[in-house]
Amino acid sequence: MKKILLVVTNISKYPNLERATGLWLGEAVHFADEIEKEGYQIDYVSPKGGYTPLDPHSLQADQMTELDWKYYANPDFLNKLSTTLSADSINPNDYDAIYYAGGHGVMWDFAEDESLQNIASTIYANGGVVSAVCHGVVGLLNIKNGDGEYLIKNTKVTGFTNTEEIAVGLDKAVPFLTEDELIRKGANYVKGADWSVFTVTDNRIVTGQNPASGGAVAKEVIKVLKSLEFSPM
């Protein structure tokens, strides 16, 4: 069975604010639902393993869809989020793709995690797919390719925009702006209208702009994986 690794945060609070954070629920749910419908198995991993907190703002009524409620009421799914694998326990050769879900918590534990970087670079070197959505794209910032270059250098990517960050009033709370940092690392950053579904695929790297884009990222990942199945070796 083909397996995909879904990465979530361990961070539950902004270091500099009296405000809870964590995984943005929909970014995991909408990706997972599309992937599982295609028959892929998902393993959930976090930098430290164990519990991933849910950002309470992602559970507000105006953010929750019928699909989100279905997963939120599923004890098996919630148990997976409570018992994630640790990054240092993962054998990347077991996976065809990796997906970094967002939520502001990832700003403090994704970018510098060397175990996650090694997992992603191995999956990519094996011919797999590296993907992310919203703030989750910060997990791609420091991944290196086989030549020692940043994986996203000269690669078309998207992620949470500066204007979206300003709109939610958290541009001063985060350690850096996602859009700016992607550009600083040499990526070819592109974006759609704020809050619109927007994804981009470039050379087995699939990224989505914001929380609305998780399901669309999954569809692109599936499309790339299927194309690889039928590519001549």
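This report walks through ring pairs, charges, nonpolar cores and the sheet in a predicted model.

## Ground rules

Since the model is predicted, local features need pLDDT of at least 70 and side-chain atom pairs count only at pLDDT 80 or more, while totals for chains, interfaces and linings use all residues. Residue numbers start from 1 along each chain as its sequence is written, and side-chain values use heavy atoms, with hydrogens and water left out.

## Aromatic pairs

Let's start with the rings. A search of the whole structure turns up 7 aromatic pairs. To count, rings of Phe, Tyr and Trp (its six-membered ring) need centres within 6.5 Å; planes under 30 degrees apart are stacked, over 60 edge-to-face, and the rest tilted. Take Tyr14 and Trp108: their ring centres are 5.6 Å apart and their planes sit at 75 degrees, so this pair is edge-to-face. It also links distant parts of the chain, with Tyr14 in the loop between strand 1 (3–7) and helix 1 (25–37), and Trp108 94 residues away in the loop between strand 4 (97–100) and helix 4 (114–125). Helices (H or I, at least four residues) and strands (E, at least two) are DSSP runs, numbered from the N terminus. Tyr14 is buried at 0% relative accessibility, whereas Trp108 is partly exposed at 28%. Those labels mean under 20% relative accessible area for buried, over 50% for exposed, and in between for partly exposed (1.4 Å probe, protein chains only).

Tyr44 and Phe77 make another edge-to-face pair, 6.1 Å centre to centre with 75 degrees between the planes. Tyr44 and Phe77 are both buried. Ring pairs also bring in Tyr71, giving a cluster of Tyr44, Tyr71 and Phe77.

## Charges over rings

The charged end of Arg204 sits over the ring of Tyr124, 4.0 Å from its centre, and that of Lys144 sits over the ring of Tyr150 at 5.2 Å. The test is that NZ of Lys or CZ of Arg lies within 6 Å of the ring centre and within 35 degrees of the ring normal.

## Salt bridges

There are 11 salt bridges in the structure, each one a side-chain nitrogen of Lys or Arg within 4 Å of a carboxyl oxygen of Asp or Glu. Lys13 pairs with Glu18, with 3.9 Å between the closest N and O atoms. Lys13 is partly exposed at 35% relative accessible area, and Glu18 is exposed at 78%.

In helix 6 (residues 178–184), Glu181 and Arg184 are 3 residues apart, about one turn of the helix, and their side chains meet at 2.7 Å, N to O. Glu181 is buried at 13% relative accessibility, while Arg184 is exposed at 59%. Over in helix 1, Asp33 and Lys37 are 4 residues apart, or about one helical turn, and their closest N and O atoms are 3.8 Å apart. Asp33 is buried at 15%, but Lys37 is exposed at 57%. Shared partners tie Asp33, Glu34 and Lys37 into one salt-bridge network.

## Nonpolar cores

A nonpolar core is a set of buried Ala, Val, Leu, Ile, Met, Phe, Trp, Tyr and Cys residues joined through side-chain atoms within 4.5 Å. The largest one has 33 residues, and Ile98, Tyr100, Ile119, Val130, Leu140 and Leu182 touch the most other members. Strand 1, strand 4, helix 4 and strand 5 (129–133) each supply at least two residues of this core, with the largest share, 5 residues, coming from helix 4.

Setting aside neighbours within four places in sequence, Ile119 is in contact (heavy atoms within 4.5 Å) with Leu5, Ala87, Ile90, Pro92 and Ile98. A second, separate core of 32 residues includes Leu25, Ala101, Cys134 and Ile222.

Finally, 7 strands form an open sheet with mixed pairing, in the order 3-2-1-4-5-9-8. Two strands pair if DSSP finds at least two bridges between them. Strand 3 (85–86) and strand 8 (199–202) stand at the edges with a single partner strand each, so one side of each has no neighbour in the sheet. Strand 2 and strand 3 run parallel, joined by 2 bridges. Ser46 has Ser86 in strand 3 as its bridge partner.
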